[in-house]
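Please look through the sequence and the structure shown here before reading the notes that follow. The briefing takes up the strands and then the charged side chains, topic by topic.

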Amino acid sequence: MSITTTTHLNFRGRAAEALAFYASVFGGQVTAFTFAQGGDERDTADGAVGEQVKWGAVTSPSGFSVMAFDVPPGRAHDPGTDAVYVSVRGTSAEEITGCWHALVDGGTVRADLAPAGYAPLYGMVTDRFGVTWVLDVLPPSRG
């Protein structure tokens, strides 16, 4: 048996846009269906959320995976402050740097991408959707 975890992000009307953006940063495919497609009339009765994302994900061949949905207006939604960081770790400084530059566009740098005591590169950015990402390059194995 194996278990994996996937970060699930909650938005208010911006999930499709966020998923497309993350697919452009990390590669991979967006899979999504709307509340209207899901047939959940409780959430589409007013028609306001029918075309919003009920379930969505980005998965890439490199192993990146994230899920997202749009919280309907009838449900409480408070993204909080630093409730979740999404950590992206890799072995290629070039790949991590490319992801960094894409996430910084329209975002706020919280810690510059630079060498750190425990990693060849580390940085933190809150993207244009309010999601905080921690990116780092894994140190070489000291086996």
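**Strands and charged pairs**

In this predicted model, four strands make up an open sheet whose order is 1-4-3-2 and whose pairing is mixed. The edges of the sheet are strand 1 (7-11) and strand 2 (29-34), each of which pairs on one side only. From one strand to the next, the twist averages 15 degrees. Elsewhere in the account, a search of the whole structure finds three salt bridges, and these are taken up one at a time below.

**Inside the sheet**

- Strand 3 (residues 53-59) and strand 4 (residues 65-70) run antiparallel, and four bridges join them.
- Threonine 59 has serine 65, a residue of strand 4, standing opposite.

**The salt bridge of arginine 89 and aspartate 136**

- Aspartate 136 and arginine 89 form a salt bridge in which the closest N and O atoms are 3.0 Å apart.
- Because aspartate 136 belongs to strand 8 (residues 132-137) and arginine 89 to strand 5 (residues 85-90), the pair ties together parts that are 47 residues apart in sequence.
- Aspartate 136 has a relative accessibility of 5%, and it therefore counts as buried, since the cut-off for buried is under 20% relative accessible area.
- The side chains of arginine 89 and aspartate 136 are also joined by a polar contact of 3.0 Å.
- When residues up to four places away in sequence are not counted, arginine 89 touches Ile96, Asp136 and Leu138.
- Arginine 89 and leucine 135 are 46 residues apart in sequence, while from C-alpha to C-alpha they are 5.9 Å apart in space.

**The salt bridge of arginine 128 and aspartate 105**

- In another salt bridge, the side chains of arginine 128 and aspartate 105 meet at 3.8 Å, taken from N to O.
- Arginine 128 lies in the loop between strand 7 (119-126) and strand 8, and aspartate 105 lies in the loop between helix 4 (93-104) and strand 6 (108-116), so this pair ties together parts that are 23 residues apart in sequence.
- With a relative accessibility of 34%, arginine 128 counts as partly exposed.

**The salt bridge of arginine 14 and glutamate 17**

- The side chains of arginine 14 and glutamate 17 meet in a salt bridge with an N to O distance of 3.3 Å.
- Arginine 14, at 32% relative accessibility, counts as partly exposed, and glutamate 17, with a relative accessible area of 42%, is partly exposed as well.

How values were computed: Residues are numbered from 1 along each chain as its sequence is written. This is a predicted model: local features need pLDDT of at least 70, side-chain atom pairs count only at pLDDT 80 or more; totals for chains, interfaces and linings use all residues. Side-chain values use heavy atoms; hydrogens and water are left out. A salt bridge is a side-chain nitrogen of Lys or Arg within 4 Å of a carboxyl oxygen of Asp or Glu. Buried means under 20% relative accessible area, exposed over 50%, partly exposed in between (1.4 Å probe, protein chains only). Helices (H or I, at least four residues) and strands (E, at least two) are DSSP runs, numbered from the N terminus. Contact means heavy atoms within 4.5 Å. A polar contact is a pair of N or O atoms within 3.5 Å; within protein, one must be able to donate a hydrogen and the other to accept it, and residues adjacent in sequence count only if both atoms are side-chain atoms. Two strands pair if DSSP finds at least two bridges between them. Axes are lines fitted to C-alpha atoms, for helices over the stretch in contact, and angles run from 0 to 180 degrees between N-to-C directions.
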